[in-house]
Amino acid sequence: MPNGYNGKILHVDLTQGLLTVEEPKEAFYRKYLGGSAMGMHYILRDMPKGADALSPENVLTLFTGVTTGAAISGQSRLNANAKSPISGGIGDSQSGGFFPAELKFAGFDGIVIKGKSEKPVYLAIIEGKYELRDAAHLMGKLTGEVDDMIHKEVDPKAEILQHGIGAENGVLFSSLCSMSNRHNGRTGMGLVMASKNLKAVVVRGTKRIQLADQKSLVELNRTGPKMLPENGDMDGLAKFGTAVVVLFNNTLGTLPTRNYTEGQFEGCEPISGEKMAETILKERDTCYACVVKCKRVVEINDGPYKVSPRYGGPEYETLGTFGSYCGVDDLAAVSMANQICNEYAVDSIAAGATIAFAMECYEKGVITKEQTNGLDLKFGNADAMIQALYMLVKGEGEFGRTLGMGSERAATVWGKGSDEFLITVKGAESPAHMPQAKRSLALIYAVNPFGADHQSSEHDPYYEDGIGDFNLDRLKVLGLGSPQPAYSLTEEKVRFAYETEVFYSMMDSAELCQFVYGPTWTLYGPNETVSMMNSVTGWDLTVEELMTVGRRRLDLFRTFNAREGLGRKDDKLPKKFFKALSGTGPTAGLALTHEEVDTAIDHYYKLSGYTSDGVPTRETLQKHDIEWAAEYLPV
């Protein structure tokens, strides 16, 4: 038995109802590590050029990594990949929890899904055995209800990854959901799974992975809890979850407010992580074997918004999109919005940001109360926000269906210059980290293959003047040792963006949590990441070998996108980011310029080994040992 992984990948042909097992060689696992790099091997090879994202020809891959299931923090991650119905390019999404580790314990490292079933089914993988089962009785049910039903008929300890009612109602940004509160969101993977008539993947297993050097892994695992209180970033994350940055970002003027018009929100304190801990926090939850426990679980039993702990609690992004984006300072309302997104399995960033976009359209006279079905959709109206969200997830009326298409498509329906209010890149609404201040994020938002994403590179403050030695010493392992001025987008800042993007790319192949492993502020740095992976696998990996895996993933993404017709024309930011921010605080008046972003993109392409249109060259693919992908490059 291999160390760290099972050596088995399950292939599911839903059209024929055929399930087969592939057993790749060790070199395949070392080359891709798992996750999206491994998934791209199958998607490029098996999905025809130009296939519709919601057709049976689309290929959906679900992959863990070579260390998933090891008894150490931050390894229980799952990557979902397919052609995205949002962008028409690659879709990529990660989730945590217990499903990823349980998939490994059930005997498989990943699943490749093709075709479409004639009727709704779910895939059951139990102790190494697998079959498709009828899922008609699960349709039209909330995620928690589906979990209860499957636990009753399969195993109370089974882990379940499902699409929800949102996908059944055609919401473009539907997600895959496990534990009723962990999501593979952002890129429409729930809608892809629903289009295949695959309701869920259910896994249960007791097989533990084999470790090459258990003693070394145990020793590293012991250092984690000891380091936690000494690392300010990690200690705050453990105590207050991702919501710890609400007040911090507001102070910096980087809390997107009223649909990204301002950088400070006067109602930030009532929706902060600190306020959540004081009031509605019931407990801290975690992922398999993780000591950080960053997940929030909230409960509200009184008032108009009653919230069940079953559906977790809002993360920073959700507090942003349904809070400051919408001008709402009601923590109960934001928590209710989070619960609805979890019940219906839709992405909370896209949902909240789309409603914030609609609010700006309403206030600017683009849409009227008649179009909103009578909703007074002004910024700050919590009740209207919740009602709009219910219309969105249920596909109620023309307004609800339009919201369910996302803001970019809504702008084409409503017209009247509403595209000026968009914050989308490749169709994906921007997360709650402002590229006007974090300039390297502006570059990454633009060039990221699946749209604006805040978890694809390190953020600017960690490579700007005044950064501490702890953070900089870790970055020096990646060859980064010259912090830059704040609000800058210099060539060195572009190099910082690219090199940390490559490291993050590797983590989304190895399937490592970016709150535990990373290039600077996390619990473990680059060197510890290498040590952990070698302890599990028995390999002699180096930082540079891991970085090469990260480059492979990015190259394969860009190759796929180029084959599907995406290029530099799609690596662009919304008009809104080039307009001066209003409001108060240090970022008031700040805006990006087209010249600096265009120059940064040119330099990024050069560093990556891409053409002026952002396409990997054959030489680049050969250099990264994926020359097989060259046949998919545009002629």
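User: Why is S535 called buried?

Analyst: In this predicted model, which requires pLDDT of at least 70 for local features and 80 or more for side-chain atom pairs while totals for chains, interfaces and linings use all residues, S535 has a relative accessible area of 9%. Buried means under 20% relative accessible area, exposed over 50% and partly exposed in between, with a 1.4 Å probe and protein chains only; S535 is therefore buried. Residues are numbered from 1 along each chain as its sequence is written, and side-chain values use heavy atoms, with hydrogens and water left out.

User: Where is S535 placed, and what is S535 in contact with?

Analyst: S535 lies in helix α20, where helices are DSSP runs of H or I with at least four residues, numbered from the N terminus. Contact means heavy atoms within 4.5 Å. Leaving aside neighbours within four places in sequence, S535 is in contact with L211, A212, D213, S216 and L217.

User: What makes α20 a mostly covered helix?

Analyst: Nine of the twelve residues of α20 are buried, namely P526, T529, V530, M532, M533, N534, S535, V536 and T537. The elements covering these buried residues include α7 (214-227), α18 (469-476), α19 and α21 (543-563).

User: Why is helix α11 described as largely enclosed?

Analyst: Nine of the nine residues of α11 (residues 316-324) are buried, so the helix is largely enclosed by the rest of the structure. Its cover includes α9, α10, α12 (331-344), α13 (348-363) and α14 (382-394).

User: Why are α19 and α22 called oblique to each other?

Analyst: The axes of α19 (residues 491-510) and α22 (residues 594-608) come within 10 Å and cross at roughly 50°. Axes are lines fitted to C-alpha atoms, for helices over the stretch in contact, with angles from 0 to 180 degrees between N-to-C directions. Angles under 35 degrees count as roughly parallel, over 145 as roughly antiparallel, 65 to 115 as roughly perpendicular and the rest as oblique; α19 and α22 are therefore oblique.

User: Which residues of α19 and α22 meet?

Analyst: E491, V494, R495, Y498 and E501 of α19 meet A600, H603, Y604, L607 and S608 of α22. By class, this contact has five nonpolar, two polar and three charged residues; Ala, Val, Leu, Ile, Met, Phe, Trp, Tyr, Cys and Pro count as nonpolar, Asp, Glu, Lys and Arg as charged, and the others, Gly among them, as polar.

User: Why does R563 count as buried?

Analyst: The relative accessibility of R563 is 9%, so R563 counts as buried. R563 is in helix α21 and touches I43, L44, M47, P48, K49, Y632 and P634, not counting residues up to four places away in sequence.

User: Is R258 buried or exposed, and what is the phi of R258?

Analyst: R258 is buried, with a relative accessible area of 17%. Its phi is near 45°, a positive value in a residue other than glycine. R258 is in the loop between α9 (245-252) and α10 (273-279).

User: What makes D625 partly exposed?

Analyst: D625 has a relative accessible area of 37%, and is therefore partly exposed. D625 lies in the segment after α23 (618-623) and has a positive phi of about 60° although it is not a glycine.

Methods
Helices (H or I, at least four residues) and strands (E, at least two) are DSSP runs, numbered from the N terminus.
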